[in-house]
Amino acid sequence: MTISALRSSNLVEQLSQALTTQIVSGERVAGSRLPTEEKLATDYGVSRTVVREAISRLKSDGLVITKQGLGAFVASSLRNTPFRIDGDRKDSHKLVQEVFELRIGVETEAAALAAERGTSPQIKAIRTALNTLNRASEIGSNGVEEDLHFHRAIARAANNALYDGFVEFLERHTREQLSISRVNCEIAGWLRDIQLEHQAIFDAIAAHDPAAARVAAHAHLRNGMTRLRRIETH
């Protein structure tokens, strides 16, 4: 991911979070019309593309509805307010740790379920994602997107749509963690350790060994959190 793309992703997150807070708090009342794309872009100092992506995110969260030719409106009922992670918190280091701990719980069990339930095509997809990730590292790419695809392939192989969907939801936060850690891990010489950890997860899943997959995934994510802490303290 390029720096500009990462910044754009952050702006979408910040704008969607700001609008969510306004809607949930009642500042923007149910049924009211949101300002136009142009006005929101001007008010928040972002592009209209960022506004469109933020509105799309709110729509998928059930907070707004759109009407052809009329614009976006606050949903009439907010009883199903979605789970969100505040990406604009001041204690960003604590947030990073909390997201990592959440990933440990979710992705560790996803790996175990993938080992138990994964089909041959799904396990092949995990192997392909791992090979693609390793090649990206070999040619000097940051490997962020490839790393995400590897973990997403594991979540799909759990054959539980909620795991797949939640891992996808966490990707916006995981992407930023990886963008920081993978570059620094290359400098520190940790990429080989990461490759071995990924391989251990795949081997356990391919062997249909849930216990080993759980241990390997837990070790990888715990080690990842430790590496990120070491980076942040230097």
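**Met225**

I looked up Met225 to see how far the solvent reaches it in this predicted model. Its relative accessible area is 3%, and since the cut-off for buried is under 20%, Met225 is buried. I placed Met225 in helix 9, which spans residues 210-232.

I then listed what Met225 touches, leaving out residues up to four places away in sequence. The list is Gln97, Phe100, Glu101 and Ile104. I also took a C-alpha to C-alpha distance from Met225 to Val96 and got 8.8 Å, for a pair 129 residues apart in sequence.

**Arg103**

Next I turned to helix 4, residues 92-117, where Arg103 lies. Is Arg103 buried or exposed? I found a relative accessibility of 3%, so Arg103 counts as buried.

**Helix 2 against helix 3**

I went on to a helix pair, which is described by the angle between the axes and the distance between the axes. Helix 2 covers residues 37-44 and helix 3 covers residues 48-60. For their packing I have an angle of about 110° and axes 9 Å apart. I therefore logged helix 2 and helix 3 as roughly perpendicular to each other, the range for that term being 65 to 115 degrees.

Which residues make the contact? On the helix 2 side I wrote down Glu37, Glu38, Leu40 and Ala41. On the helix 3 side I have Arg48, Val51, Arg52 and Ile55. Sorted by class, this contact has 4 nonpolar and 4 charged residues, and no polar ones.

**The chain overall**

I counted 9 helices and 2 strands. From the N terminus on, I read the order of elements as α-α-α-β-β-α-α-α-α-α-α.

How much of the chain is buried? Of the 234 residues, 43% are buried; Met225 and Arg103 are among the buried residues.

I checked the sequence range of the contacts as well. Taking contacts with a separation of 6 or more, 72% of them join residues 24 or more positions apart.

Last, I looked up the surface. The protein chain exposes about 12400 Å². Carbon and sulfur atoms supply 52% of that area.

Note on methods:
Residues numbered from 1 in each chain as written. Predicted model: local features only at pLDDT ≥ 70, side-chain atom pairs only at ≥ 80, totals over all residues. Heavy atoms only, no water. Helix = DSSP H or I, 4+ residues; strand = E, 2+ residues; numbered from the N terminus. Buried < 20%, exposed > 50% of the residue type's maximum accessible area, 1.4 Å probe, protein only. Axes fitted to C-alpha atoms, helices over the stretch in contact; angles between N-to-C directions. Parallel < 35°, antiparallel > 145°, perpendicular 65-115°, else oblique. Contact = heavy atoms within 4.5 Å. Nonpolar A, V, L, I, M, F, W, Y, C, P; charged D, E, K, R; others polar. Areas by Shrake-Rupley, 256 points an atom, 1.4 Å probe, with all protein chains shown as cover.
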